[in-house]
Amino acid sequence: MRFFELFSDNGWISNIQVAVKVWLFFRCIYKEYDSMFVHLSHQLVMRSTLVGMALLASAPVVVRASSLSEPMPQAQTSQKIPVLTSTTPFVDHSPNPSHSASRLNKLETNVGRKQPALTDTMPVKVAEAAIAPSNRINDDRSDADAMSQVTSVSQLSDVKPTDWAFQALQLLIERYGVIAGYPDRTYRGNRALTRYEFAAGLNAALNRVDELLAAGTADLVKKEDLATLQRLQEEFAAELATSRGRVDSLEARTATLEKQQFSTTTKLLGEAVFAVTDAFQGTQDGSNTVFQDRVRLRLVTSFTGRDQLNTRIDAGNAGRFNLGGATPETTQTFNLVAFGGNQANIGWLSYYFPVGDRIDAYIGAVNGVTFDFIPTLNPFLDSATGAGKALTVFASANPIYQIGGGAGGGFNYRVTDQITLSLGYLAGDHANPGAKSGLFNGQYAAIAQVAWFPNNRSGIGLTYVHAYQNRGGLFDIGSSFAIVGTSQANNPFGNAFISNSFGAEGYYQLSPSVAVSGFFGYTNSRDLAGNGNADIWYYGIGLAFPDLGQKGNLGGIVVGAEPYRGDNRAPANDVPFHIEAFYKYRLTDNIFITPGIIWLIAPAQNAANEDAVIGTIRTTFLF
């Protein structure tokens, strides 16, 4: 007696929304109908295609048969049928991931980074995947796994008339209409299936036959087909019962969730930061260890499935260390709080939406910044204003992205699959109707960038920013205080000025565990009161070590010079170097501890000042 052998590859039964992935011993006994499986290789006629119906058709994503381009598998002569197992857990496609490291990154991005890159099917971070950006808000499944019904075998581009199962597929489509294909019009018949998946496919086939009988089309169902189905139903009775039971359970759970959800269009994401930090030397206020916090609650709303409205509430008490001279070089990402004392405020309000197939548009109403939508080309170290990667603002991305902010808009235009053109305009005094204020008469920044992504491991960008500044500092993301660089670079004249900034940035992933990134920038500022120009420079290089020690961890080292005025008078004419090292450790899927150290040489671009050494232990909770 010969046996038909099935192979498994951790598939999913997505069309009936249930994943029954448990190990199961095939019963190693001889059955008089085993020859039915053997005859599949010799009889491609309808009365034997019901087996193919179960194997090839009904559960579109997961019922997987042997390759259509390979010879029909022959009966086996072994004495045992191999045990089919699967260790893949049930897939949770909810927007709040919690089970894998890759989904952890998306969760971090959803809370911290503010720059989703919209796709044709859903709004999305950064880039992480950004996140170029990549924040998906609905479902992190690949679109390639979605199935669509087909009405003719000719619609399946990878199924040829010479394939051994061509006739079976043709009859299943035309007679029963139970075949589904992928959006790219492929069938992908070279996948194996588990015994449970076979049962799920059989269940769908039975349901289809029942529909035909109920509709009075019994003449389409042959007697031989019914006999075959009956034998299969008897053999897989236990699995069919289990599958149906799990479907009923899943439907009940889904109904409960729908009743209990607070909104059908909105989901809630959160980030809480506990930070213990100390400046061991170099501060004006002495050395004091402080315990600071920041909390963010973000409501993500989608009205069409392709757009994204972000409403974020911020609160915290974090402040930065005082190095003297009003220099903002010590700013860490969790220091960005509009109000202290844990007062809640609207920290971010923005809307993303697609325009056609190649344009992703952005409108920022509150605290909009250029890196909301423009790729910063530092995906391994940049979590924007979130507390997910590098400790400081400087180590996260080229400071050119910190120039200007407030309210305005912009868009990314995908010129090709590898080239993206970005344009944007943001105004800092957009809500003030007074003189030298408003959307067009006050502080503003206009940005343009061209980014080239030759492959999924690298990217290069060229950036230009034209800005007008009549309050605060140059690198202030539209606020009233600078967040990176020296005070000489941020306020070179003490008067209103305009600036033209040029930047280059890029990254390259050397291996799955090592990536390098770097940036360079130059800004020329001109005093509108006629006091000349100022040259401002900044540059840096970083190394990132993804999954260092375990999946979800991240190590990082950044060395560079924060923005400084190159032609400044002595003694404040030195280069302020920034050295940073950190290690993000994944304690659980949603809790990360990041110890790190920041060493600032010649703070306030004055070598006479004592070097500042800051130590931080940051704990980030994501939910």
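## Ground rules and overall picture

A residue counts as buried here when its relative accessible area is under 20%, as exposed when that area is over 50%, and as partly exposed in between (1.4 Å probe, protein chains only). Tyr 362, with a relative accessible area of 2%, is buried on that scale. This is a predicted model, so local features need pLDDT of at least 70 and side-chain atom pairs count only at pLDDT 80 or more, while totals for chains, interfaces and linings use all residues. Residues are numbered from 1 along each chain as its sequence is written, and side-chain values use heavy atoms, with hydrogens and water left out.

The protein chain has 623 residues, and 53% of them count as buried. Its accessible surface is about 26,100 Å², with 57% of that belonging to carbon and sulfur atoms; the areas come from the Shrake-Rupley method with a 1.4 Å probe, and for residues only the protein chains shown count as cover. Eleven helices and 18 strands make up the secondary structure list. These are DSSP runs numbered from the N terminus: helices are H or I with at least four residues, strands are E with at least two.

## Aromatic pairs

Rings of Phe, Tyr and Trp (its six-membered ring) pair if their centres lie within 6.5 Å; planes under 30 degrees apart are stacked, over 60 edge-to-face, and the rest tilted. The count by this rule is 15 aromatic pairs. Take Tyr 352 and Tyr 362: their ring centres are 5.2 Å apart and their planes sit at 50 degrees, so this pair is tilted. Tyr 352 belongs to strand β6 (residues 345–355) and Tyr 362 to strand β7 (residues 359–368), so the pair ties together parts that are ten residues apart in sequence. Tyr 352 is buried too, at 1% relative accessibility.

Phe 475 and Tyr 538 make an edge-to-face pair, because their planes are at 85 degrees, with the ring centres 5.5 Å apart. This one links distant parts of the chain, 63 residues apart: Phe 475 is in the loop between β11 (458–469) and α11 (487–490), and Tyr 538 is in strand β14 (residues 533–546). Both Phe 475 and Tyr 538 are buried. Elsewhere, Tyr 425, Phe 440, Tyr 444 and Tyr 468 form one aromatic cluster.

## Nonpolar cores

A nonpolar core is a set of buried Ala, Val, Leu, Ile, Met, Phe, Trp, Tyr and Cys residues joined through side-chain atoms within 4.5 Å. The largest has 53 residues, and the members touching the most others are Tyr 401, Ile 403, Val 465 and Phe 475. Contact here means heavy atoms within 4.5 Å.

Two strands pair if DSSP finds at least two bridges between them. Strand β9 (residues 419–427) and strand β10 (residues 444–455) run antiparallel and are joined by nine bridges. Tyr 425 has Ala 446 as its bridge partner in β10. On to the next pairing: β10 and β11 are also antiparallel, over ten bridges, and they form a hairpin with two residues between them. Ala 446 stands opposite His 466 in β11.

Ser 499 sits in strand β12 (residues 497–511) and is buried, at a relative accessible area of 1%. Leaving aside neighbours within four places in sequence, its contacts include Val 465, His 466, Ala 467 and Thr 523.

Most residues other than glycine have a negative phi, and most peptide bonds are trans. The bond from Ala 570 to Pro 571 is cis, with omega near 5 degrees; Pro 571 lies in the loop between β15 (554–565) and β16 (577–586).

Two non-glycine residues with positive phi are worth a look. Asn 342, at about 60 degrees, is in the loop between β5 (308–316) and β6 and is partly exposed, with a relative accessible area of 38%. Ile 477 has a phi of about 45 degrees; its place is the loop between β11 and α11, and at 17% relative accessibility Ile 477 counts as buried.
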